[in-house]
Amino acid sequence: MSYKILVLVSEASSFALDNHSIIPSALYREGHEVHIGDIDTLGVHDSVVVCDRMQVTDEFTSGGDFPSLSETAASAEEFDLVWVLAGTHPEAGNDSFLLLWLLNQRVPFVNDASALFFLNTKTNLVAIVPGEHLPTSYVTNDFDFLNNLVESDPDRSWVVKPTNDGCGADVFVVNKYDRNRSALLGSATGNAASRYGRYGRDIIGMAKRHAAVQEYIPNVRENEKRVIIAGGEPVSGFLRFHPEHDNRSNATLGARFEKLELTEEEDRFVRALGKRLMDLGVFYSGIDMAYPYVIEVNMVNPGGLSYHQLATGEDRSSEAVDTVLAALRTAGKLS
Ligand SMILES: Nc1ncnc2c1ncn2[C@@H]1O[C@H](COP(=O)(O)OP(=O)(O)O)[C@@H](O)[C@H]1O
Ligand SMILES: [Mg+2]
């Protein structure tokens, strides 16, 4: 079965070895009519959701030129499926999500627009992952609460993160005796006390910001894995290694990686989580896991196929896209 598929990416000068080149190429190789569009050009023209796009006529290679999106403001609706592979620009605020939602009223998505908005965030991880597979977690903008939490037990360390960022940005480990503790917790929650002190609450307005906080997972340095879940199945991923003097193992930041292997127990768990994700409208995601704990779930552009290929030389992208499309068919989202 061949489909007409729009893959939304963000325009760049050239392709890297990442999903933006790998996934459209795999779909093309598997015989689908593939178009790529720039997520930052979405709009509505005379009731039709449009974007700048072009039809893929060859596989993309890493390092190759990003093609010119020759069809300007063309319909984004005349497709069987949309695959969103780029985050919306932070400055675009909610508008990009509103446009994606509108498009998704008319065309099925690999990951529903509502899931991209409501679930691709550290705030709502508890809506996806069963409690016993999460470290003790909080989402709060209350500095005093957090500071007391971290101070209350010298034997516990915590990881403080922005609710909606990625690739390791502003991920801090804190504990009671770290002299940076208070400053880091203040920074993570918007530095409200400092800002109110300096400018006054009446002038600066509400300064508090939410942070996602998790208890530090003890086995993380021995057993952290990125697993790509396609149509409910683990199809790729990699084993992560932390640099000696870093608490983060993000490959984007240069951390070392090797071929992924899952234990039977991990495999069972990932498949159950994959089913749960599909029930929530998510058919392609990448989880960060130090079993039995899930650290986070990425839904927009999760690295995994690329790093697997770099670690092993094996390209699993055809299998990944075929698995996604088969699962979407089984779910009745594709005919
Ligand atoms: N609860 C935790 N315990 C131990 N390490 C963690 C925890 N949360 C995050 N980390 C480390 O920090 C890295 C980045 O955090 P993550 O939640 O995946 O955010 P990002 O979206 O920035 O990748 C993780 O891959 C992991 O190595
Ligand atoms: Mg991560």
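**Figure 1. Three domains of the protein chain.** In this predicted model, the domain assignment, automatic or from a database, gives domain 1 (4–116), domain 2 (136–215) and domain 3 (219–330). Residues are numbered from 1 along each chain as its sequence is written, chains are lettered from A and ligands numbered from 1 in the order in which they are written. Local features need pLDDT of at least 70, side-chain atom pairs count only at pLDDT 80 or more, and totals for chains, interfaces and linings use all residues.

**Figure 2. Where domain 1 touches domain 3.** The C-alpha centres of domain 1 and domain 3 are 23 Å apart. Contact joins 20 residues of domain 1 to 18 residues of domain 3 (C-beta atoms, placed from the backbone, within 7 Å). On the domain 1 side, α1 (19–29) and α3 (113–118) are the elements that give two or more residues. The largest share, six residues, is from α1. Helices are DSSP runs of H or I with at least four residues, strands are runs of E with at least two, and numbering starts at the N terminus. By class, this side has twelve nonpolar, four polar and four charged residues (nonpolar: Ala, Val, Leu, Ile, Met, Phe, Trp, Tyr, Cys and Pro; charged: Asp, Glu, Lys and Arg; polar: the others, Gly among them).

Figure 3. The largest nonpolar core holds 70 residues (buried Ala, Val, Leu, Ile, Met, Phe, Trp, Tyr and Cys joined through C-beta atoms within 7 Å; buried means 20 or more other C-beta atoms within 10 Å, exposed 12 or fewer, partly exposed in between, with C-beta atoms placed from the backbone). Val7, Leu8, Val82, Trp83, Val84 and Val324 have the most contacts inside it. Helix α10 (residues 317–330) gives the largest share, six residues. Domain 1 and domain 3 both contribute, so this core lies between them.

**Figure 4. The shell around ligand 1.** The shell has 20 residues, of which Gly166, Gln214, Ile217, Val220 and Ser249 come nearest (C-beta atom, placed from the backbone, within 6 Å of the ligand). Domain 2 and domain 3 both give residues to the shell, so ligand 1 lies between them. The shell divides into nine nonpolar, six polar and five charged residues.

**Figure 5. Backbone exceptions in loops.** Most residues other than glycine have a negative phi, and most peptide bonds are trans. A cis peptide bond joins Tyr291 and Pro292, with omega about 10°. Pro292 lies in the loop between β14 (284–290) and β15. Asp170 has a positive phi of about 55°. Asp170 is exposed, with 12 other C-beta atoms within 10 Å.

Conventions
Two residues are in contact if their C-beta atoms, placed from the backbone, lie within 7 Å.
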